[in-house]
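Work through the exercises below with the sequence and the model at hand.

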Amino acid sequence: MNFRKLKKAAAAVMAAVMCVTMAFGTSVSAAEKKSVWSETKALTTAKYNSKYIKWAEKYSAKEAKNTIAFGKSRTKKFYESQTKVSGSDDPQFIINIIDKETIFSIAVKGKENSKNIKMVAYSDGEGSAIYSNSKNVTLLSVGYKQKLTVPMSENIGYDELFDEMAEGLFFNNDNYMIELGVTDKTKGKTFKFTSNEKTYYYEEFEGSVAGKFGFLFNSSGKPIAAVSGDTAMCFNISFSVKDSEFSIPKGYTDISL
């Protein structure tokens with residue numbers, strides 16, 4: 001996972017939606033903004049757990065007695081599984097990254113010419129989403145409770161947006177280790193600990209390109225938190241996506257461009 005690309009994609013979502021809401025929206029009060037994080041989260045399957053973030057921060061800062069080679073790590077196994085799915089002809093996955101300041105969620109399902117894509121982002125008190133399929137693109141502002149839908153065939157300046165989205169959405173099966181700046185021999189630190197009779201693992205590596213990145217895994221080897229640089233966030237990924245994930249939520253006023 002290249003978090004710099006994901007952040008770039010999130011910025012594209014926010015910019016596109018805010019461009020619309022700034023032009024057509026009305027002011028959102030401070031009281032209304034307090035609920036925007038929760039309402040934005042409700043558009044996703046993101047799971048927030050402050051305990052996971054604290055654990056990731058704790059072990060990221062801790063000196064390790066044990067090391068592990070990237071080639072033998074849970075981290076590589078996770079990357080291999082997600083690149084296999086995202087690089088297929090018929091990808092199906094959801095990626096969620098969340099803390100109290102930021103939400104970023106991507107859902108993808110379908111083949112190239114009939115792909116459903118949903119991107120949701122929350123930052124600086126604003127929540128936004130883009131829903132796209134082979135027919136339409138819908139931009140949604142959580143705070144303003146407005147949405148704009150345009151035909152996919154219309155050329156209204158979304159080419160650059162989708163280039164940005166694609167960079168964050170899709171991963172190169174052959175080059176992800178180059179993009180991270182690691183090899184199978186790259187050493188990282190590893191921890192194993194128990195809480196409430198459940199076992200957890202934390203692995204962290206320093207990539208020459210990506211910098212510091214780490215994952216907190218549960219006993220099943222699923223990542224539940226991620227570290228990028230000095231930032232820790234809850235993280236979850238699923239390779240099973242319901243069609244209802246791409247249903248446009250109700251309660252939003254349609255606006256015209």
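**Exercise 1.** Classify Asp-243 as buried or exposed, and find which side chain it meets in a salt bridge.

Solution. This is a predicted model, and the steps below apply to it.
- Step 1: The relative accessible area of Asp-243 is 57%. The cut-off for exposed is over 50%, so Asp-243 is exposed.
- Step 2: Its partner is Lys-109, with an N to O distance of 2.9 Å. A salt bridge requires the nitrogen to be within 4 Å of the carboxyl oxygen, so this pair counts.
- Step 3: Lys-109 belongs to strand β3 (residues 102-109), whereas Asp-243 sits in the loop between β12 (231-238) and β13 (253-254). The pair therefore ties together parts that are 134 residues apart in sequence.
- Step 4: Lys-109 has a relative accessible area of 21% and is partly exposed.

**Exercise 2.** Describe how strand β9 is paired on the side of β8 and on the side of β10, and say how many of its residues are buried.

Solution. 
- Step 1: β9 spans residues 198-207, and seven of its 10 residues are buried.
- Step 2: Strand β8 (residues 187-195) runs antiparallel to β9, with seven bridges between them. Thr-190 stands opposite Glu-203.
- Step 3: The hairpin of β8 and β9 has two residues between the strands, and Asn-196 there takes a positive phi near 50°.
- Step 4: Seven bridges also join β9 to strand β10 (residues 211-217), again antiparallel. Tyr-201 stands opposite Phe-217, and the hairpin from β9 to β10 passes through three residues.

**Exercise 3.** Find which residue meets Lys-212 in a salt bridge, and locate both ends.

Solution. 
- Step 1: The side chain of Lys-212 meets that of Asp-230 at 3.7 Å, N to O.
- Step 2: Lys-212 is in strand β10 and Asp-230 in the loop between β11 (223-228) and β12, 18 residues apart.
- Step 3: Asp-230 is exposed, with a relative accessible area of 75%.

Notes: Residues numbered from 1 in each chain as written. Predicted model: local features only at pLDDT ≥ 70, side-chain atom pairs only at ≥ 80, totals over all residues. Heavy atoms only, no water. Buried < 20%, exposed > 50% of the residue type's maximum accessible area, 1.4 Å probe, protein only. Helix = DSSP H or I, 4+ residues; strand = E, 2+ residues; numbered from the N terminus. Pairing = 2+ DSSP bridges.
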